[in-house]
Amino acid sequence: MTRNPAVSVIILTYNQEATVGRALDSVIGQRCDFQFEIVVSDDCSSDGTRKIVSEYAGRYPEIVRLLPKAERRGLVDNYFYALSQCRGAMIADCAGDDYWLGADSLKKKYDLLNENPTAVFVHSDWVRVADGGRDQMPSDPNGEMAAMRRNYDDGMDLLAPALGALSVPAVHLSTVLYRNPFAGMKQIPDIVANKDFGCEDLPLIAYMLSLGRPVVWLPERTLAYSVGHASVSAPVDPAKESRFYMRSVAMISDLASHYGVPFGAVSESIFSRSHYGIVKAIQSGDMALVNEFRSMLADKKIRRPLKDRLKEYLWRLRQSM
């Protein structure tokens, strides 16, 4: 096993036996002139995922490290546990149902980060894939983030767009190679590793941007992001979907408040997510969930615009006819 890799690549897995081999192959196949490791943390899969990863660890003992089996952690705790086990000073990741594009993508990011010694991370473009990868779509078809896809001397300038993004993330974590900002810390701040947020990517990205260090953009597609199936960010159950949006609204509100981002910079995202989440709660038939969502908005002092409340009322009226 490589003891001092330059880069650690985190792969989180959960019931992804059909895709985890593809994800591992895309990272193992990277052509690099430096050592890297793949740190896999499986969150108690009930299918054959762990067995497949174990077989890869046996075939590639110098690269693949499968972390010990433990109780179910959930996405956030699993990510930051994996991060705590990484040996590299630079960190990348790839979800178990996604895969990297280009055999030189990791090296290109590594070289850029070394060429920019004060930069906190490098990130890149990506594609959405469905139907097993046969159907590919651009990450930003409407150019929502076109003006943001450039180098930044100060990551704080990208923080508001990252928190206020609507359908397209300003930074996709699985395209990022970052310097571990928590090396030497005894505990990762709660504003980053917070289970209540329900996700690990935006809080981590926001924290790194808040450091005010340069951000480097690589204008190449280095990730195939799988869509069209149930996942943490795309559940199929309306109640679960509503809870996802409830957590995301609370998270964006908390992050904006913590980092001093004006509410106006994130309001469109918050209102859009709130409207959709409440509609999904109504669709589920769980009025307690509807009230919970509204209570959360009241606690955060978020008052939805009249037009949003009117749209919700009309939607409910149509459903009752």
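Mentor: We'll take the core, then a helix end, then a surface patch. Keep in mind that this is a predicted model.

Trainee: Core, then. Which residues touch the most other members of the largest nonpolar core?

Mentor: I38 and Y178 do, in a core of 95 residues. Helix α7, residues 238-259, supplies the largest share of this core, with ten residues.

Trainee: What does Y178 touch, beyond residues up to four places away in sequence?

Mentor: Quite a list. Among them are Y79, L83, M90, F121, L173 and M208. I91, L113 and V120 also touch Y178.

Trainee: New topic. Where does S284 lie?

Mentor: In helix α8, which covers residues 263-284.

Trainee: And what does the side chain of S284 reach?

Mentor: The backbone oxygen of A281, at 2.6 Å. Leaving aside neighbours within four places in sequence, S284 contacts P238, A239 and L289.

Trainee: Now the surface. Which residues make the nonpolar patch?

Mentor: L310, Y313, L314 and L317. The patch is about 380 Å².

Trainee: Where does L314 sit, and what is its relative accessibility?

Mentor: L314 is in helix α10, residues 306-320. Its relative accessibility is 37%, so L314 counts as partly exposed.

How values were computed. Residues are numbered from 1 along each chain as its sequence is written. This is a predicted model: local features need pLDDT of at least 70, side-chain atom pairs count only at pLDDT 80 or more; totals for chains, interfaces and linings use all residues. Side-chain values use heavy atoms; hydrogens and water are left out. Patches are made of residues with over 30% relative accessible area and no salt bridge: like charges are joined within 9 Å, nonpolar side chains (Val, Leu, Ile, Met, Phe, Trp, Tyr) within 5 Å. Accessible areas come from the Shrake-Rupley method with a 1.4 Å probe; for residues, only the protein chains shown count as cover. A salt bridge is a side-chain nitrogen of Lys or Arg within 4 Å of a carboxyl oxygen of Asp or Glu. Helices (H or I, at least four residues) and strands (E, at least two) are DSSP runs, numbered from the N terminus. Buried means under 20% relative accessible area, exposed over 50%, partly exposed in between (1.4 Å probe, protein chains only). Contact means heavy atoms within 4.5 Å. A polar contact is a pair of N or O atoms within 3.5 Å; within protein, one must be able to donate a hydrogen and the other to accept it, and residues adjacent in sequence count only if both atoms are side-chain atoms. A nonpolar core is a set of buried Ala, Val, Leu, Ile, Met, Phe, Trp, Tyr and Cys residues joined through side-chain atoms within 4.5 Å.
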